[in-house]
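Biologist: I'd like a close look at one part of this model, and then at whatever it connects to. Could you walk me through it slowly?

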Amino acid sequence: REEEIPHVGDFVNYKIFGESILVTRTGEHRIQAFYNVCQHRGRRLREDEKGHATSWYCRFHGWKYDLDGANSYVHDQEDWAECPLRPGDIRLKEVKVGTWAGWVWINQDPNAISLKEYLGEVPSYIDPFEWENGRVSWHETIIAPVNWKVIVEAFIENYHVFATHTGGW
């Protein structure tokens, strides 16, 4: 949610499968996302789940990046003279970002259409419900020793609730 990163430099380290993506507020009205890896040798830049940063720093070889992903420092850059480092090649790799209804949406497909294009006319039906004013009041992560499709199915339909979740109803 956008309110999780209210100030420039606030970030959430979003992990999906083997990827780690730094979703970051880089301007008052700008949110960007970057793969959480240094462009030198692929070391993770941040391990924390969320926080505040003024820049990104690789603790292994010392490469530094501005908040917007631009490389700002390469240690002993003159040693790379035979293999010139072009700024566009060594900036953090960006992930597509869109915002809607208070949510931040990322897409790892660099060829994907924008969120606005993808949603089409859906916002005209949903916006009257003011989801941007909603707030997360509870969040839980569980590891369940079951087929993931069973879990997804349980969240798609609620017919099972009165038989399975009897406590407190």
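Which residues does Trp100 touch, not counting residues up to four places away in sequence?

Modeller: Some housekeeping before the answer. This is a predicted model, so local features need pLDDT of at least 70 and side-chain atom pairs count only at pLDDT 80 or more, while totals for chains, interfaces and linings use all residues. Residues are numbered from 1 along each chain as its sequence is written, and side-chain values use heavy atoms, with hydrogens and water left out.

Now your residue. Trp100 touches Trp105, Leu115, Leu119, Val122, Pro123, Ile126 and Asp127, once you set aside anything up to four places away in sequence; touching here means a contact, with heavy atoms within 4.5 Å. Trp100 itself is buried, at a relative accessible area of 17%. For that scale, buried is under 20%, exposed is over 50% and partly exposed is in between, using a 1.4 Å probe and protein chains only.

A polar contact of 3.0 Å links its side chain to that of Trp100.

Next, the strand around the tryptophan. Trp100 belongs to strand β8, which covers residues 94–100. Strands (E, at least two residues) and helices (H or I, at least four) are DSSP runs numbered from the N terminus, and two strands pair if DSSP finds at least two bridges between them. On one side, β8 runs antiparallel to β9 (residues 103–107), joined by five bridges. Within that pairing, Thr99 faces Val104 in β9. The two strands make a hairpin with two residues between them, and Ala101 in the turn has a positive phi of about 55°.

β8 also pairs with β3, again in the antiparallel sense, over two bridges; here Ala33 has Val95 as its bridge partner in β8. β3 (residues 30–35) is mostly covered, with five of its six residues buried.

Zoom out and you get an open sheet of six strands in the order β4-β1-β2-β3-β8-β9, with antiparallel pairing. β4 (50–52) and β9 sit at the edges with a single partner strand each, so one side of each has no neighbour in the sheet. From one strand to the next, the twist averages 30°; the axes behind it are lines fitted to C-alpha atoms, for helices over the stretch in contact, and angles run from 0 to 180 degrees between N-to-C directions. Further along that order, β1 and β2 run antiparallel with six bridges, and Ile16 stands opposite Glu19 in β2.

Glu3 takes part in one with Arg1, at 3.2 Å from N to O, and in another with Arg135, where the closest N and O atoms are 3.6 Å apart. Glu3 is in the segment before β1 (10–16) and Arg135 in the loop between α3 (122–126) and α4 (148–156), so this pair ties together parts 132 residues apart in sequence. Arg1 is buried at 9%, Glu3 is partly exposed at 31%, and Arg135 is exposed at 53%. Another salt bridge pairs Asp89 with Arg86, with 2.6 Å between the closest N and O atoms. Asp89 is partly exposed at 39%, and Arg86 is exposed at 56%. Shared partners join Arg1, Glu3 and Arg135 into one network.

Last, confidence. pLDDT is the predictor's own confidence in each residue, from 0 to 100; the chain averages 91, with 99% of its residues at 70 or more. Confidence is highest in β3, at a mean of 98, and lowest in helix α5 (residues 161–164), at 78. Where pLDDT is low, the predicted coordinates should not be read in detail.

Terms used: A salt bridge is a side-chain nitrogen of Lys or Arg within 4 Å of a carboxyl oxygen of Asp or Glu. A polar contact is a pair of N or O atoms within 3.5 Å; within protein, one must be able to donate a hydrogen and the other to accept it, and residues adjacent in sequence count only if both atoms are side-chain atoms.
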